[in-house]
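The paragraphs below go through parts of the structure shown here. Please keep the sequence and the model in view while reading.

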Amino acid sequence: MASSSTSISESSSRLTHVGEEMPRTDSELPAKYTPEHTFEVQEAELLPTTTPPNLLKYRLQRAFWLDHPRVRRAWLYFRGPRPKVDLPDPAPFLGSTHRWRQRVFSIALEPAWIRLTRAFTNPWLFVVLAVGYIIGFAFFARAQSFLTPADSFIGCTATYWAANDGCGLNGDACGPFDNATFDFRCPAQCNSVILQNPRTVGDEQVDFVPLIVGGGDENRTYRGDTFICAAAVQAGLISNSKGGCATLELVGNFTDFLPFSAHGLSSIGFPSVFPLSFRFLPTTSLHSCSDLRNEALAFNILITALIFLVLRPKPIVAYWCLVCIGFWHVTLFSQPQASPPPLDVAFQQFLPALFVAYAFWRLAFRFTLPAFRRAPIEYTVWYLAPYWAGVLTNLTTDKIPIDRLTASDIKARAGGVTALVIIVIILLVIVINQVRVIRKTGWLPWYLGWYIAGGLVTLVLSQLPGLELRLHHYILAMVLMPGTGFSTRLSAIYQGFLLGMFLNGVAAFGFDSILQTAADLRRDAPLGSDLPSFITNSTNYNVSAPFLNQTIFWNALPDGEGWDGFALLVDDVERYVGTALNYSLSALEPGLIHFFRLAFTSSGSSGDFTMAATLYPNGTWVDPLPGPS
């Protein structure tokens, strides 16, 4: 019976069904072992003294191992111990004895903290406080999103004017242009919401900054395609950290938008006329406008620290608290999918998120979180710090010049390739260390087999026609989480960050598909379509003719390409749609700079527009640069 008990205690808990967390004494922890001891055990297994049923297979295997001792040693090292074992629980840093220069130091902070807070670990106290937290969190959410009229909320990229020909001929789809006011509320952190693709303003392209045009005149007049919230921050009416409310008025036609810099934001100028512009009024009728995400973050960090440090429920209860708190913090405060948050969509994502979270518990957390039951201070640090860094991925990774793991995005931003290389190196170091840890338990071939199978499936998916592989950050968390299910401090750190990153991805963006079409990934980037060309150029433009008598020309439609007309943008407003090959300048103001961009159309939909051709008041024509705008 004694030998049987020893065999059970030294085998891996992954081999048995774990229904509940069973406390283990120090004497029950698996013994440390060395690679040499592992080799001895494996050699005895590989060279048995009894004759196996398949004699030929046994002889061939025995001959191979005897003829290739180095291969045998490498395989035994790779495979790890048999039977498989669990790693010992980490000894608490703040509850153990340390030696330094012939001196012995005993740190008993963890045991003292456990004794001090034992009275607060009553389950009924936890239930009462949980109910109080839910009520308090509900009031927080109400004050954040449901005391201001729903139609006053706008996002950080809200504008009055759509890009290119999005407002239709003469901008009619974006009216009215003047004599209207709008009370609005902006969320916090709009300074970091930027253009992900170049946007053309006149002959200038803007990208990777908030789009702000104008604001430099005495009345702070902004062009209609300006990001309203970023302009309000620049004008000093709202705070980037707290958001806020303001009121604007539409003032219609305006000429010569001047650049301006204030409150950490810079706008660009536009030296021509635009049909829609706006200014901010000094007061607003809205109230309860402050964004409470920072207060909610402090509140939730305090609650999770209280759960881990003081209340200390069972590990599975503490884990589900992290799952629920993180998901709803992202949904209602740090990164809602809309304003006010759409609760129907949130609950639609919450249930499948719980299923994935249960898989995380079964595959990883149940093997690591209980290992720190004697070190509440330690596991509070190892789990909560990276967990909140993952929940706030939109902030913690904001300065990394990578928005999406697509080749076009990485190449488009300065430093994107360098950042990707650094991230890959860090991940490689982490993976190598985890492989070393997993090998010590004997589970490396099992894990490696599953990861290879998953990699092959992913490879097949990536080759499907018309679709592109997209590794969202919630998918990365799902892929990496199973490899962290071991009782080490680094595994605890990885689990905390990956759980937070998963919750951020699902709550903020939903379960986006791993496969997406090129159109899904394009956003407002160029389509890659054919580009028309102007006949009028810098050499044949007739400077001597009066401006109002001038006409610009372009080349005819190409044959067999499916195009049926043209769309012409004049000063970033669509002024012509049809099949003609010229446009008269008689309706334009002769004393201003004018910009012309041309595109093919098919059944009412335009392709890519050219870069801008520029005509100066003195008659100088500047040809457009190559490529789409």
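**Contacts, a covered helix and a helix pair**

Leaving aside neighbours within four places in sequence, Gln234 is in contact (heavy atoms within 4.5 Å) with Ile212, Gly214, Tyr222, Phe260, Ser261, Ala262, His263, Leu265, Ser266 and Ser267. Gln234 lies in helix H7 (residues 228-234), helices being DSSP runs of H or I of at least four residues, numbered from the N terminus. Gln234 counts as buried because its relative accessibility is 1%; buried means under 20% relative accessible area, with a 1.4 Å probe and protein chains only.

This is a predicted model, in which local features need pLDDT of at least 70 and side-chain atom pairs count only at pLDDT 80 or more, while totals for chains, interfaces and linings use all residues. Residues are numbered from 1 along each chain as its sequence is written, and side-chain values use heavy atoms, without hydrogens and water.

Helix H11 (residues 376-391) is mostly covered, with 12 of its 16 residues buried. Among them are Glu378, Tyr383 and Trp388. The cover over the buried residues of H11 includes H9, helix H10 (343-368) and H17.

H9 (residues 315-334) and H17 (residues 489-509) also pack against each other, at an angle of about 40° and with axes 8 Å apart; the axes are lines fitted to C-alpha atoms over the stretch in contact, and angles run from 0 to 180 degrees between N-to-C directions. H9 is therefore oblique to H17, the class left after under 35 degrees (roughly parallel), over 145 (roughly antiparallel) and 65 to 115 (roughly perpendicular).

Note on methods
Helix = DSSP H or I, 4+ residues; strand = E, 2+ residues; numbered from the N terminus. Buried < 20%, exposed > 50% of the residue type's maximum accessible area, 1.4 Å probe, protein only.
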